[in-house]
Amino acid sequence: MAAARTAEARSSGTWSSALSTGEFAALRAVGFDPVGQVMGSAVYHVGRSGRYWGYHDCQFRSGLFGTASGAPVALSGRGAPSAGLVTVLDEARRSALGRMTAECSALGGDGVVAARLTVAPFVAQSNCFEFQVIGTAVRAAGPVRAPWPFTCHLDGQGFAKLVTAGWVPVELLYGMSIGVRHDDYRTRMQRTAWRNTEVGGWSELVHDVRSDARAALAAQGGRRGGDGVVLSAGSFRVWKESCTRTSGNNDQEDHVAEATLVGTSIARFTVREEPPRALTVMPLGPRGRGRTTRRTGTDIR
């Protein structure tokens, strides 16, 4: 279906996009033309994994009162059971982006601007997620083609500003981290204290998860030669679940934190400087000396 749609777009000689007038003008100003709207989607079933049939395992084994150092944060970036969930969502992102860039290449485009990435549960199936990305394929003027299409969240004006400043987009990124921490004895004491006090375990949880999401985004950005990452959006949520590692009727709980970041990796490019132009200099001496000399430079006396 995607191949038929791109073939029809090529044969019709017209293109479609979601660009505004200002975005279209900005793209043209830096030498790019839209060639068509492109999309990619992937629906993934998220199977159960890990002990107790779940990804949110705190991995805390020290019983009711905990240890002197407190419960650790079971972090996806450190190989916790939640790493499996993060991995499958990253695979879904890559599948959706790959299908969108394939459509871009079929239309003769060099990249995709204004790409909108959405992640949502699949309709009527809570254990399935749909990744969808939609953007506008563009083509650069001139005979030089990029080795692979770029993808970015930047709109037309943002893309034009980036190129004017000497940078190009590389790839749309989706960084994610999940952390789980058991509410140990110290945490329960701090959260119910009569005086104002920091809940150290929860501070550690939110800090580690945010840091891990940034690290995941940076690691993705360097895979194709990106020099940096510009962010588009981010989200963070925390919720609690009953701890599956405790037995009996005690009310032991874990807190789960999830951070997601969406951005675009960018790379610097340099424009080759033109060599100085040769200047024709007429000597100002006597008439008999009618020689013409050529110099390169501007310090002519």
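Reader: Which residue of strand 4 stands opposite Phe32?
Author: Ala140 of strand 4 stands opposite Phe32. Please note that this is a predicted model.

Reader: In what sense do strand 1 and strand 4 pair, and over how many bridges?
Author: Strand 1 and strand 4, the latter covering residues 125-140, pair in the antiparallel sense over 13 bridges.

Reader: And how do strand 3 and strand 4 pair?
Author: Strand 3 and strand 4 pair in the antiparallel sense as well, over ten bridges. Among the facing residues, Val119 stands opposite Phe131 in strand 4, and Phe122 has Gln125 of strand 4 as its bridge partner.

Reader: How many residues lie between the strands of that hairpin?
Author: Two residues lie between strand 3 and strand 4 in the hairpin, where Ala124 takes a positive phi near 65 degrees.

Reader: In what order do the strands of the open sheet come?
Author: The order is 1-4-3-5, with four strands and mixed pairing. Strand 1 and strand 5 are the edge strands, each pairing on one side only.

Reader: What does helix 2 touch when it packs on the sheet?
Author: Helix 2 touches strand 1, strand 3 and strand 4, and its direction makes about 115 degrees with that of strand 1. Helix 3 lies across strand 1, strand 3, strand 4 and strand 5, and runs at about 150 degrees to strand 1.

Reader: Staying with helix 2, is Ala29 buried or exposed?
Author: Ala29, which belongs to helix 2 (residues 21-29), has a relative accessible area of 65%; that is over 50%, so Ala29 counts as exposed. Its C-alpha atom is separated by 9.9 Å from that of Gln157, 128 residues apart along the chain.

Reader: A change of topic: where does Thr151 lie?
Author: Thr151 lies in strand 5, which covers residues 150-151.

Reader: Why is Thr151 called buried?
Author: The relative accessible area of Thr151 is 3%, which is under 20%, and therefore Thr151 is buried. Leaving aside residues up to four places away in sequence, Thr151 touches Leu97, Met100, Thr101, Val112, Val170, Glu171, Leu172 and Thr264.

Reader: What lies 2.9 Å from a polar atom of the Thr151 side chain?
Author: The backbone nitrogen of Leu172 lies at that distance from the side-chain polar atom of Thr151.

Reader: Which phi value does Ala114 have?
Author: The phi of Ala114 is positive, about 55 degrees, although Ala114 is not a glycine. Ala114 lies in strand 3 (residues 111-122) and counts as buried at 16% relative accessibility.

Reader: And what is the phi of Gln59?
Author: Gln59 has a phi near 60 degrees, a positive value in a residue other than glycine. Gln59 sits in the loop between strand 1 (32-45) and strand 2, and is partly exposed, with a relative accessible area of 36%.

Reader: Finally, what span should helix 6 have?
Author: At 1.5 Å a residue, the 22 residues of helix 6 (residues 200-221) should span 32 Å, and the end C-alpha atoms are 32 Å apart, which agrees.

Reader: Which residues of helix 6 are buried?
Author: The buried residues of helix 6 are Gly201, Leu205, Asp208, Val209, Asp212, Ala213, Leu217, Gln220 and Gly221. What covers these buried residues includes strand 2 (73-75), helix 3 (83-106), strand 6 (167-182), helix 5 (185-191), strand 7 (228-242) and strand 8 (253-268).

Conventions. Residues are numbered from 1 along each chain as its sequence is written. This is a predicted model: local features need pLDDT of at least 70, side-chain atom pairs count only at pLDDT 80 or more; totals for chains, interfaces and linings use all residues. Side-chain values use heavy atoms; hydrogens and water are left out. Buried means under 20% relative accessible area, exposed over 50%, partly exposed in between (1.4 Å probe, protein chains only). A polar contact is a pair of N or O atoms within 3.5 Å; within protein, one must be able to donate a hydrogen and the other to accept it, and residues adjacent in sequence count only if both atoms are side-chain atoms. Contact means heavy atoms within 4.5 Å. The expected span of a helix is 1.5 Å times one less than its number of residues. Two strands pair if DSSP finds at least two bridges between them. Axes are lines fitted to C-alpha atoms, for helices over the stretch in contact, and angles run from 0 to 180 degrees between N-to-C directions.
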